[in-house]
Number of protein chains: 2
Amino acid sequence: MAGLKIEDIESGRALPERSVEGDSCECRVVHVDAVRKVRASMPAEPAMDAMAELFKSFGDGTRLHILYALTKERMCVCDIAALVNMSQSAVSHQLRVLRGARLVKYEKEGKSVYYSLDDDHVKKIFEIGLAHVKHTR
Amino acid sequence: MAGLKIEDIESGRALPERSVEGDSCECRVVHVDAVRKVRASMPAEPAMDAMAELFKSFGDGTRLHILYALTKERMCVCDIAALVNMSQSAVSHQLRVLRGARLVKYEKEGKSVYYSLDDDHVKKIFEIGLAHVKHTR
DNA sequence: TAAATATATGAGCATTTGTTCATATATTTA
DNA sequence: TAAATATATGAACAAATGCTCATATATTTA
């Protein structure tokens with residue numbers, strides 16, 4: 001359990017500077033004002049959830065390669081599998097994740113299914129990510 | 001196993017349009033040219049790894065909250081734990097992850113340890129993430 | 001120096017994740 | 001219609017993840 005619930009702070013049950021929660025041996029909130037300030041500007045929970053899901057999509061090597069590829073070319077599953085050197089099945093599973101995240105869309109053409117980006121932000125996210133890694137090392 | 005290794009394509013072992021890998025029942029590469037083109041512009045593997053690690057840091061709710069908080073305020077562990085309503089231990093563990101990703105830095109002050117951002121890109125990544133979720137829904 | 005406090009960390013554990021394997025579905029082609 | 005092909009998907013499983021609990025470390029304070 002956390003040292004002190006935010007609700008306690010907001011409701012005033014937490015005293016400024018030294019607020020103790022029960023007899024737990026956990027730490028006390030030192031800067032209630034700072035916590036309150038941050039909390040005031042924190043995006044709502046659904047937005048945070050959506051953001052976490054978005055970044056999670058970029059947080060796996062296979063998906064990252066797929067997303068990058070689709071910033072350059074519309075590709076069928078088969079092409080993608082060859083590109084990332086991974087089984088068709090693995091790629092299909094990951095494409096499902098990306099579809100779920102609304103990052104890619106697809107069009108059937110004969111036996112093939114062509115995937116492309118469904119989100120303008122993907123390219124921009126890549127740019128920043130690249131700038132980051134180039135800057136960092 | 002993948003349908004066709006990229007090396008096979010690059011080396012010319014893969015024929016344009018209909019290249020079969022052994023007698024596997026996996027799909028064939030349809031667009032060798034597209035695969036080659038994408039591959040040519042794909043960031044090097046270390047960069048991709050670093051990017052995946054970067055985005056992974058943003059891909060968890062607790063860490064996302066922590067990172068956002070630190071874009072607004074320098075905070076001690078105790079403050080953060082109260083803010084995200086999570087145990088001091090859980091927060092400490094996640095801070096270690098963020099330290100490992102070089103996203104945060106810390107300064108000891110007495111018994112407390114104050115964390116702050118160690119990366120200029122964090123704010124920008126947040127902005128894009130927010131723009132994304134606002135646009136998407 | 002002893003007690004209190006803030007933070008860090010290892011072990012354990014349940015959950016999630018990413019892959020493979022087998023197989024289903026859909027479409028084209030013979 | 002039957003065979004071939006492209007993709008999708010469920011089950012199984014190993015690895016990674018995120019938390020809790022107990023405890024260690026470091027610092028301050030009594």
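Two strands are said to pair if DSSP finds at least two bridges between them, and the views that follow, all taken from a predicted model, start with a sheet in chain A to which this rule applies.

**View 1. The open sheet of chain A has 3 strands in the order β1-β3-β2.** The pairing in this sheet is antiparallel, and β1(A) is joined to β3(A) by 2 bridges. Within that pair, A:C76 stands opposite A:Y114, a residue of β3(A). Helix α4(A) packs on the sheet and touches β1, β2 and β3 of chain A, its direction making about 85 degrees with that of β3(A). In general, the strands of a sheet pair through backbone hydrogen bonds, in either a parallel or an antiparallel manner.

**View 2. A:G110 lies in the loop between β2 and β3 of chain A.** Is A:G110 buried or exposed? A residue counts as exposed if 12 or fewer other C-beta atoms lie within 10 Å of its own, and A:G110 is exposed because it has 6 such atoms within 10 Å. From C-alpha to C-alpha, A:G110 and A:A82 are 20 Å apart in space, while in sequence they are 28 residues apart.

**View 3. Helix α5 of chain A, residues 77-84, is largely enclosed by the rest of the structure.** The reason is that 8 of the 8 residues of this helix are buried, and among them are A:V77, A:I80, A:L83 and A:V84 as well as A:D79. Just after α5(A) comes A:N85, which takes a positive phi of about 55 degrees.

**View 4. Chain A meets chain B through 63 residues of chain A and 63 residues of chain B.** On the side of chain A that touches chain B, several elements each supply at least two residues, including α1 (6-10), α2 (32-41), α3 (45-58) and α7 (121-136) of chain A. By class, this side of chain A has 36 nonpolar, 14 polar and 13 charged residues.

**View 5. Helices α4 (residues 61-72) and α7 (residues 121-136) of chain B pack at an angle of about 115 degrees.** The axes of these two helices are 10 Å apart, and the crossing of α4(B) and α7(B) is left-handed. At the contact, B:L67, B:Y68 and B:T71 of α4(B) meet B:V122, B:K123 and B:F126 of α7(B). These residues divide into 4 nonpolar, 1 polar and 1 charged.

**View 6. DNA strand C is surrounded by 25 residues.** The closest of them are A:D60, B:C76, B:C78, B:S89 and B:S92, so named from both chains of the model.

**View 7. DNA strand D has 26 residues around it.** Those that come nearest are A:C76, A:C78, A:S89, A:S92 and B:D60. Here α5, α6 and β3 (112-117) of chain A, together with α6 of chain B, each supply at least two residues of the surface near DNA strand D. Which helix gives the most to this surface? With 6 residues, α6(A) gives the most, and the surface as a whole divides into 9 nonpolar, 11 polar and 6 charged residues.

Definitions and conventions: Residues numbered from 1 in each chain as written. Chains lettered and ligands numbered in written order. Predicted model: local features only at pLDDT ≥ 70, side-chain atom pairs only at ≥ 80, totals over all residues. Near = placed C-beta within 6 Å. Axes fitted to C-alpha atoms, helices over the stretch in contact; angles between N-to-C directions. Helix = DSSP H or I, 4+ residues; strand = E, 2+ residues; numbered from the N terminus. Left-handed = near helix turned anticlockwise from the far one by under 90°. Contact = placed C-beta atoms within 7 Å. Nonpolar A, V, L, I, M, F, W, Y, C, P; charged D, E, K, R; others polar. Buried ≥ 20, exposed ≤ 12 C-beta atoms within 10 Å, placed from the backbone.
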